[in-house]
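Please open the structure in your viewer and keep the selection panel at hand. The stops below say what to select next and what is there.

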Amino acid sequence: MEHNHMPPPENEQGQDEKAVTMRMELYDWLHCILTALLVAVLLFVFVGRNINVDGISMEGTLIHGDRLIVSNLFYTPSNGDIIVFHSPSLRFAGIPLVKRVIAIPGQEIDFDFDRGNVIVDGVILEEDYIPPDILTTSRGNFTGPQVIPEGYVFVLGDNRNFTIDSRHDDIGLVDTRYILGRVLMVMVPGVNNNGIREWSRAGVPN
């Protein structure tokens, strides 16, 4: 008896091809999503971490609620860097603090509190990252001039007279071993006093 093997109808072939194509596209999408998630995890583990600004000490540059990306990969502190660190002080135990590096090891730090000037190595510091009407007039516990020893940095908050920083005994010189990293960017801006999230502030801070 002769059997005729008829090919499947064209519409069935087309449906099978579409199903295969959809499966391949779905696989490609899943592969892309998983790869992106893996890259994001690796970036946060080895390159950066996510930290929130708490308080007003960096206002003028950063505000309360700003979400930051911070990295310590191959990092050595430099003048002007905005860093996040832990303080061994009981007052700030476990709280990540955000300040700006003003003087590094070997540099001499001093102030003219009457005129509101910061002086590094005998030269008045040009600070274009803070408004010109903000003067450094609060002494805290500072006595100087001081030469910064190896393994430490001197930090200030940009909101100079409403911040606790290296002028105060509660923080003092920052041991570089406690630095979590340098602020790379504002990922999500905090809500300002007008209740607005200014997305134009996202990106690399001054």
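Begin by selecting L156, which lies in strand 9 (residues 152-156), where strands are DSSP runs of E of at least two residues, numbered from the N terminus. This is a predicted model, in which local features need pLDDT of at least 70 and side-chain atom pairs count only at pLDDT 80 or more, while totals for chains, interfaces and linings use all residues. Residues are numbered from 1 along each chain as its sequence is written, and side-chain values use heavy atoms, with hydrogens and water left out.

L156 counts as buried because its relative accessibility is 0%, buried meaning under 20% relative accessible area with a 1.4 Å probe and protein chains only. Now show its surroundings: beyond neighbours within four places in sequence, L156 is in contact (heavy atoms within 4.5 Å) with M58, K99, R100, I102, F111, V118, D165 and R167.

Next, select I102, I109, F111, V118, F142, F154 and L156, the residues with the most contacts inside the largest nonpolar core, which has 13 residues. Such a core is a set of buried Ala, Val, Leu, Ile, Met, Phe, Trp, Tyr and Cys residues joined through side-chain atoms within 4.5 Å. Strand 4, strand 5 (108-112), strand 6 (117-120) and strand 9 each give two or more residues to this core. Another core, of 12 residues, lies apart from it, and includes I51, V53, V84 and V186.

Move on to the largest pocket, with a volume of about 250 Å³, by selecting D54, S57, F92, L97 and K99, which lie nearest its centre among the 16 lining residues. On a 1 Å grid over the protein atoms alone, a pocket is an open set of points where a 1.4 Å probe fits, with protein on both sides within 12 Å along at least five of seven lines, and lining residues have an atom within 4 Å of a point. Strand 4 gives the most to this lining, with three residues.

Finally, select S89, in the loop between strand 3 (82-85) and strand 4 (97-103). S89 counts as buried because its relative accessibility is 15%, and a polar atom of its side chain lies 3.2 Å from the backbone nitrogen of R91.

Technical notes:
Helix = DSSP H or I, 4+ residues; strand = E, 2+ residues; numbered from the N terminus. Buried < 20%, exposed > 50% of the residue type's maximum accessible area, 1.4 Å probe, protein only. Polar contact = N/O pair within 3.5 Å; in protein donor to acceptor, adjacent residues only side chain to side chain. Points joined across faces, edges and corners; volume = space filled by probe spheres on them.
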